[in-house]
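Okay, thanks everyone for coming. I'd like to walk you through one model today, so please have a look at the screen.

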Amino acid sequence: MADPIVEVRNLRKTYGAKVAVDDVSFAVQPGEIFGILGPNGAGKTTTVETLAGLRSADGGAVRVLGIDTLRDPAAVRDRLGVQLQESSLHDKITVAEALGLFASFYDDAADPRELMELLDLADHADKQFARLSGGQKQRLSIALALVGNPQVAILDELTTGLDPQARRATWELVERVRDTGVTILLVSHFMEEAERLCDRLVVIDAGRVVAEGSPAELIDGLEGGRTVVVRFATDDAARGRTLLADVATRHPDVDRVEVSDGGLEVAVTGTPRVLFAVVPALAEADLVPDDVRTVTRTLEDVFLAVTGRTYDPQAEREPALAGEGDRS
Amino acid sequence: MTALTPTAPSRARQGTAGWRGFGPLLRTETRVWLRDFAAPFFGIVFPTLILVGVGFAIPGMRDPMVEDVPPGSVWYGLTPIATYLPTVIAMAVGTASLTVMPVTVATYREKGVLRRLSTTPMRPQGMVASHLVINAGTTVVGVALALVVALLAFDVATPTQVGVVLLAFVLGMCAMFAVGMLVAAVAPRASAANAIAMSLYFPMLLLAGLWTPGPIMPELLRQIGQFTPLGAAGQAMTTGWFESGFPLLQCVVMVVWTAVLLPLAIRLFRWT
């Protein structure tokens, strides 16, 4: 593997008695889309703001493009693009003006027109910021993070507040940007987004890394195997429940069954081969179910497995609030 | 390491690199700012409107003062509207520095524009600087317009000591923009900046003689006013315009306000 382009070791950041980041370490390889995932208040934003040189740390080490951004934040700004949550522009500045202006700050800026093409903003070049839709504002925000031709771009909660269609469009754009050679740090509380986009990711909870790997690795590594849900017609439901309960007692690949939806649905959980136990049993009894589906496991299940809590993106308190004065 | 403000170390080593793009920033900010009707209007046209309004609406403003003023006085034979001019200039300075600039900066902070800038090689200080330039420029343009109208419409005499008037104007701008910077530094939101600014603006206008200009200002008000930045500016300009002698106290007062408030504002300034 190449040298990491971003490296965070044992990062720690407190605001008085409140610990925003307890102990976070990870390394990002060039060309990756790397996810920093977790519920609100887990310390994700504090982590990336620290590595971007916007905050000081209480402990640990950070290197971005070989630069210690805790010591020398200015040295990295020319090559690090940052898209922050909740930062907007003057209501009356146009898309083209904003991009042209930000381009002038950088040593080797991208062509604003090309960026507008890349991010589907060319038709809105002369539109004022206040008149842009949420998705357009977000795309402009990404464009501004990329206008300095960065080698690394941090995108923080970039699809929050977007409708599903705009969200998917934004995901495609992020992949397009990565294909141009930019390494992307994607901060998200949105598991589906990370699962869809990230090559690798860390899950952060209460200021600590609780899981690290590619989405597939993390999901495949889950204990508790796979679940098949079988739905029966009302007349067959009683027979079906008995049959599958029986399968559970005698088949090695089946661990347990759970009945739901008034007895019409039976969830069979077992090893990855659980489907092979369920289907022959149904065939043998000539019991045709209304529906059979395998339950897809997601990063939310990974979160549940590593924290013992159901994933709720809004669950955590916001430790960042205590640090409001420190943000300056 | 303690929780230092992150901009503090970068400020020290930014050198000139942090100002690349200041030209485009100033141009873009000026263009965008001109799209807002209110701010340019108040900065440029308001002083003239007040001058013309007072000059034509209030009876006797254009008649030379010969009855209530002893013949030996510097005011003898001047029109009241002429004595009002330094006050109008002071008001123009106060309007840009207090009601426009701090609200703009506080809005940018509230909307995260300054934070966004701090992720780029441009320092957020550049944004504040650009609005100091824009508002100082507006004040100069607004004052120039008022002067031209005063000359044409009211035949106002040129200052007896042009240098003193200019010095008082510049020092007044420095002192008042220092006050405005402090408001911008501490106001958490645009609405708060506006509230603080307004609560300073009107008392300062009173002390600068908006309602009791030059010769008719009560002595107590004059005594208090000379220690305030805008009052001192108005009085020093009045001295330079109509009287002889150098307004030393007023100039020192303006320098002290600037020297105290500006570093304080820079120290207290919050970028987010």
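This is a predicted model: local features need pLDDT of at least 70, side-chain atom pairs count only at pLDDT 80 or more; totals for chains, interfaces and linings use all residues.

DSSP gives chain A 10 helices and 13 strands. Along the principal axes, the C-alpha atoms of chain A fill a box of roughly 75 × 45 × 40 Å. The chain has 328 residues, and 54% of them are buried.

Now, a word on backbone angles. Most residues other than glycine have a negative phi. Leu65(A) has a phi near 55°, and Leu65(A) sits in the loop between strand S4 (59–64) and strand S5 (80–83). Asp286(A) also has a positive phi, about 55°, and its place is the loop between helix H9 (274–284) and strand S13 (291–294). Buried or exposed, what are they? Leu65(A) has a relative accessible area of 16%, so it counts as buried. Asp286(A) comes out at 61%, so that one counts as exposed.

On to charges. Side chains of opposite charge can pair when their charged atoms come close. How many salt bridges are there over all chains? A search of the whole structure finds 29. Let me pick out some of them.

Asp22(A) pairs with Arg12(A), with the closest N and O atoms 2.7 Å apart. Asp22(A) is in strand S2 (residues 18–28) and Arg12(A) in strand S1 (residues 6–15), so this pair ties together parts of chain A that are 10 residues apart in sequence. Asp22(A) is partly exposed at 21% relative accessibility, and Arg12(A) is partly exposed at 33%.

Then there's Arg55(A) with Glu49(A), where the closest N and O atoms are 2.6 Å apart. Both Arg55(A) and Glu49(A) are buried.

And here's one between the chains: Asp78(A) forms a salt bridge with Arg20(B), closest N and O atoms 3.2 Å apart. This pair runs from the loop between S4 and S5 of chain A, where Asp78(A) lies, to the loop between H1 and H2 of chain B, where Arg20(B) lies. Asp78(A) is partly exposed, at 22%, and Arg20(B) is partly exposed too, at 30%. There's also a network: Arg231(A), Asp261(A), Glu265(A), Asp291(A) and Arg293(A) are joined by salt bridges that share partners.

Okay, chain B. Gly21(B) is in the loop between helix H1 (7–13) and H2. At 11% relative accessibility, Gly21(B) counts as buried.

Next, H2 itself. The axes of H2 (residues 22–35) and H7 (residues 124–154) of chain B come within 9 Å and cross at roughly 55°. That makes H2(B) and H7(B) oblique to each other, and H2(B) passes H7(B) in a right-handed crossing.

Last stop, the surface. Leu167(B), Phe246(B), Leu248(B), Val252(B), Val256(B) and Val260(B) make a nonpolar patch of about 520 Å². Which helix gives the most to the patch? That's H12 (residues 248–268) of chain B, with four residues. Leu167(B) comes from helix H8 (residues 162–186), and Leu167(B) is partly exposed, with a relative accessible area of 35%.

That's my tour, so over to you.

Notes. Residues are numbered from 1 along each chain as its sequence is written. Chains are lettered from A and ligands numbered from 1 in the order in which they are written. Side-chain values use heavy atoms; hydrogens and water are left out. Patches are made of residues with over 30% relative accessible area and no salt bridge: like charges are joined within 9 Å, nonpolar side chains (Val, Leu, Ile, Met, Phe, Trp, Tyr) within 5 Å. Accessible areas come from the Shrake-Rupley method with a 1.4 Å probe; for residues, only the protein chains shown count as cover. A salt bridge is a side-chain nitrogen of Lys or Arg within 4 Å of a carboxyl oxygen of Asp or Glu. Helices (H or I, at least four residues) and strands (E, at least two) are DSSP runs, numbered from the N terminus. Buried means under 20% relative accessible area, exposed over 50%, partly exposed in between (1.4 Å probe, protein chains only). Axes are lines fitted to C-alpha atoms, for helices over the stretch in contact, and angles run from 0 to 180 degrees between N-to-C directions. Angles under 35 degrees count as roughly parallel, over 145 as roughly antiparallel, 65 to 115 as roughly perpendicular and the rest as oblique. A crossing is left-handed if the near helix is turned anticlockwise from the far one by less than a right angle, and right-handed if clockwise.
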